[in-house]
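Student: I have a model to go through. Can we test its labels against their definitions?

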Amino acid sequence: MRTAIGAAEGVRGTTSPNPPVGCVVLDAAGAVAGIGATRPPGGPHAEVVALREAGERARGGTAVVTLEPCSHTGRTPPCTDALLAAGVARVVHAVSDPMPVAAGGADILRAAGVEVHSGLLAEEAESGPLRAWLHFARTGRPHVTWKYAATLDGRSAAADGTSKWISSPEARAEVHELRRRMDAVVAGTGTVLADDPQLTARTPEGGLHEHQPLRVVVGNRPVPAGARVLDDTAETLLLPASDPDTVLAELAGRGAVDVLLEGGPVLAGAFAAAGRIDRVLGYIAPALLGSGRAALGDAGVGSISQAFRLHVEQVTMVGPDVRVSAVPVAQE
C-alpha cells in the first residue's frame, strides 16, 4: 500500500478533477506484477495502468489501491470491470469513495466473488495524496493550503518592505516542488505589485517543471502589463475579486482541487476569517526583525477566545528553517 501511495503522490497535480490514485497488482504468489497511477483526465485510472503492466500475472492475484475502485462510466469505463476481466482474486483499498456516483465498487466486486478489504493505511492515504481530493469531494470546495515564510517573531517583511529572502534556499526549493503538485497558486494584487513574483514551479537548476499550476491573481487593482505573473511560462487568471468563496467557486468550476494560497497578509487574513484555510504550511526562519509586516493580517479575531486553533501534524527542519504543517481544529 505504501508503494501505491507513493505512486499516487508522484502524479498529484496532474489528475484533477480526478483523484490521484495509486495501485499495485500482486501476482498469485504475492510478487509485484504491476504498478500504476492515475493518468491525466481522459486517460486510464491507476488500476487499469497497473493491470496492463501486470498482464496475465494479475489472474488470481491481488490489487492494492489507495481508493475504492470506481463503479461508474465517465470518460473511462469502470475500474471494477477491468479488475473482474483481469481475474484478480482480492482487492485491498485504503479509502472508500465518498462520491455517490462512483461509490459501490467494493460491493460489486464482492458480489462477483472477489475478496475485498478496506481501510489499510487509510490515514496515510487520506493525509497524503488524497487529502485535497477528498476535501473537494466532501465539500465541493478546493482544498486550500496557506503557505507563508516568516521570522521567528512572525514577520514576513522588514520595516522597509523587503522580504527577499526570509526563508533559506532549501525551503524555497521545497516550495517550488510543492507548487508543481498544485492545481492553482493564488496571490493578491498587493503581493504582485510589491514583489513581482512569477509564481511558477522551477527546478533546482532554474528551469521550469513540466507541470505548472494555474496562476491566480485576485483583487481590484490593475496588474501592470509587464508583470512577471503575466508572462507566457504558465496560464494566469486575473480575478477582480478577493472574496474567498467567489475565488474558490471560480477555481472549482475550472476543475482545480488543490490550491496553494501564497498571497500577502491581507488575502491570508480574508481566507482565515472566512474559514477557508484547510492547512497551514509555515516556514519559520531563525531570524528576528522586531518590526515590519506580520505574516497574517486582520482575520476577524478580537480576543484570545476567538483564536484559530490548529492541530500540528508535522514539524520538520528544512535547511536552517523549521517547517510546520497544521490543520484547523474542528470547532464545537
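Tutor: First, the ground rules. This is a predicted model, where local features need pLDDT of at least 70, side-chain atom pairs count only at pLDDT 80 or more, and totals for chains, interfaces and linings use all residues. Residues are numbered from 1 along each chain as its sequence is written, and side-chain values use heavy atoms, with hydrogens and water left out.

Student: Why is the pair of Trp-146 and Tyr-148 called stacked?

Tutor: Rings of Phe, Tyr and Trp (its six-membered ring) pair if their centres lie within 6.5 Å, and planes under 30 degrees apart count as stacked. Here the centres are 4.5 Å apart and the planes at 25°, so the pair is stacked. The search of the whole structure finds one aromatic pair.

Student: What makes Trp-146 buried?

Tutor: Its relative accessible area is 6%. Buried means under 20% (1.4 Å probe, protein chains only). Trp-146 is therefore buried.

Student: Which residues lie nearest the centre of the largest pocket?

Tutor: Lys-147, Trp-165, Arg-179, Asp-195 and Glu-262, out of 30 lining residues. A lining residue has an atom within 4 Å of a point on a 1 Å grid. A pocket is an open set of such points with protein on both sides within 12 Å along at least five of seven lines.

Student: How does the lining of the second largest pocket divide by class?

Tutor: Into five nonpolar, six polar and 10 charged residues. Asp, Glu, Lys and Arg count as charged. Arg-12, Arg-131 and Arg-279 are among the residues closest to that pocket's centre.

Methods: On a 1 Å grid over the protein atoms alone, a cavity is a set of points where a 1.4 Å probe fits but cannot get out, and a pocket is an open set with protein on both sides within 12 Å along at least five of seven lines; lining residues have an atom within 4 Å of a point. Rings of Phe, Tyr and Trp (its six-membered ring) pair if their centres lie within 6.5 Å; planes under 30 degrees apart count as stacked, over 60 as edge-to-face and the rest as tilted. Buried means under 20% relative accessible area, exposed over 50%, partly exposed in between (1.4 Å probe, protein chains only).
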